[in-house]
Amino acid sequence: MQRPFNTAIVVVVIGGALASLLVGVAAAQKLRPGRLSSEDRKALRAGLKLAFESQAAGKAASDVRGSRLAALHVPAGAPPTPFLPPGQFGATFTGYVKLKLKGEYVFQVKGRGQVTLRINDQVVLASSGQADLTNIAPVKATLVKGYNKLHVSYESPPQGDATLRVYWTGDDFPTEPLPPQLLMCDGRDEALRRGQVVRDGRLLLAERSCLKCHDLPGVKNLAQGMPELGKDSPSLVGVGSRLNADWMVQWMLEPSQLRTKPTMPRLLHALDEKQGIGRAKDIAKYLGTLEGAKPQAVETSDELVELGQIFFEDLGCIGCHRLSPPEEKDEYHRASMHFIAAKFRPGALADFLRAPHKHYTWSRMPDMKLNRREAESIEAFVRANAKGTIDEKFAANGGDASRGKELFNSTGCANCHAVEPDKPVAVRPRRPLRATALDMGCLAEVANKAPRLGLDNTQRAALKAFLATDGSSLGRMVPAEFSSRQTRRLLCFVCHRRDAADNELPYIIEDEGSQGHPPEVLPALTFAGEKLHPKWTEQLLAGQLGYRPRPHLKGRMGAFPARAKGLAIGLSHEHGFPEHYADGPKFDPAMAKQGRLLSLQNNGFNCVQCHGVGSQKATADFDARSTNLAFARDRLRHEYYQRWLLFPQRIAPGTKMPRFSPDGKKTALEHAYGGNAHKQYEALWHYLKTLQGGGREGERERGRERGREGGRERGREGEREEH
């Protein structure tokens, strides 16, 4: 009787000891500095968690969002987030800095307010009453290999702008912002998830133009609020001369059959098929009477189609568009152009490509400043390859224009679309959106008579989450969040690398390109807000520079005028910089004179080899050239310029820009300032401030190069670009 009892005791004791040992080993592994469990690693997302706390107007409130950087800028009197009122606030950045190797780093902060920096739960740096954070001495700290906990607590100052930027310096790189490609946080965080869901719903409400048909009771100041609320819908002025009637009939009835993820609602779905088609034909007949200037038809040829394919690839069209049917899967999630030839009347597509914002100012289609032949060649290529045809049952025969005009107004089309030039869309009575009716009307999961928005369950849940708030966030503009939204909406990542993510265009060109050459390396956007002055960025994005900064590239930066100012300021705020920033030292003529000598080939850095300098052309082969240095005076911030020259490969791996100071301290040009790299680069900076011109010469050279590369016909076209 005792043997089983004793055996059991032994088993229990041994099993308990073994379990305790295993738990201890697991705990030791989990607690080892720099390590995370596999579950924790899988849950990581890019960027930091940024939590806000506010006591404005004596009322406690909080909000959470993600942040690419350990930086922020909130102008005096502005809200820190759309979901908090203006006033003093606290902000906390949390997450990890991931390192390949253990090392010592020097940390410092800039800005205004109060800050405490903790790394791996240890206080590294703390302000002690100073509002100006630049007065805090840099502090050295040791970081481990792997994941280092980062915790930055910030309090805004009582008056003035709230600004914070966190920097570090390593043994092998100069002072720089904490690189966003090394920052990550726990994507499972519930507050972070809720903050994103509510923001997604807010954006959906604006982009789907919900307030064209509905009101949010009590919500005010929308004119100065979320910019997307001012988004227009495509104007139908002159539409009868631009679009084919058959396409319009099917578009009104089944937009998802013609375009990938359309935002056009279905308004006639509650009718049986015969009634729906009949009413759509009536409306199409009415729209056909809205005629404008007749497009100039494109005379297609094999040569023009071939040229169009080259532009389609070189200008990056292939990165956002595909010619396969909408229902086919595409790993790059590009918009289908399968029915584009069925949509546009001959010549109308070329007109649209030359002025994509003429009838729709908020169109996501960039204005590439195409000349007539470029646009015609792209239309020719697209028409030759867009094989989609409209179903015969949607053929726009018959229809009553007068009845169609009545239906256009009564069905709700007139709520969004203008039909008369220089006349805004009429304001009509709107139904209130109430939190008690979020499962009805447009948001109902089951079909009813309300417009069908084509929302999936995730989008529907996001809209409901936002509508459960008081809606006051719609009246608040936060530029940093606007730029974050719009860089995603405009698909900037297709052409440009940003943070740890590669751009998609090179992979698409390799998979589908026809020219057999490697894709161009386009500028990364990781540090764009730190690098560029907002005024210059605004002019670039508005298409108002008057020159191409990089004429050596075949690709072009398209313009988005409606978004230009908000994007430019928002990118700057993301990096912790104000819109207007006193940048760099006071101009020194003596240093500028020395800087000119340092730019020369003899006893200098030979800048003119790769860069134009004002009206002086670069001497290198065209493909090895870069931006004219005359542009630097209006374009670059001094802080970025300095760290670029000190270590360009750290900012842009693979760049052709040489590193003249391997140790970040001295160059080989000891005759100037004893070889002091910092002083030599400062002298060059002062010289750059004296330069003017350079834009038109770059344009002419690009045209001449096209002629050399592309043959006689393309050469004539390139020369026409000069004018």
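## Overall composition

In this predicted model, the protein chain exposes about 36000 Å², and carbon and sulfur atoms supply 53% of that area. The chain has 723 residues, of which 50% count as buried.

The secondary structure of the protein chain consists of 24 helices and 17 strands. When contacts between residues at least 6 apart in sequence are considered, 72% of them join residues at least 24 apart.

## Nonpolar cores

The largest nonpolar core contains 59 residues. Within this core, the residues with the most contacts are W247, M248, L287, F312, I378, V382 and F408.

For V382, the contacts beyond its neighbours within four places in sequence are with F312, L323, M337, I340 and L349. One of these partners, F312, is likewise listed among the residues with the most contacts inside the largest core.

## Helix 5 and its packing

Helix 5 covers residues 273–288, a total of 16 residues. From its first C-alpha to its last, helix 5 reaches 22 Å, close to the 22 Å expected at 1.5 Å a residue.

The buried residues of helix 5 are G276, I277, A280, K281, D282, I283, A284, Y286 and L287. An α-helix has 3.6 residues a turn, so residues three or four places apart point the same way. The buried residues of helix 5 pack against helix 4 (245–253) and helix 11 (401–410). One of them, L287, is also among the residues with the most contacts in the largest nonpolar core.

Technical notes. Residues numbered from 1 in each chain as written. Predicted model: local features only at pLDDT ≥ 70, side-chain atom pairs only at ≥ 80, totals over all residues. Heavy atoms only, no water. Helix = DSSP H or I, 4+ residues; strand = E, 2+ residues; numbered from the N terminus. Expected span 1.5 Å × (residues − 1). Buried < 20%, exposed > 50% of the residue type's maximum accessible area, 1.4 Å probe, protein only. Contact = heavy atoms within 4.5 Å. Core = buried A, V, L, I, M, F, W, Y, C linked by side-chain atoms within 4.5 Å. Areas by Shrake-Rupley, 256 points an atom, 1.4 Å probe, with all protein chains shown as cover.
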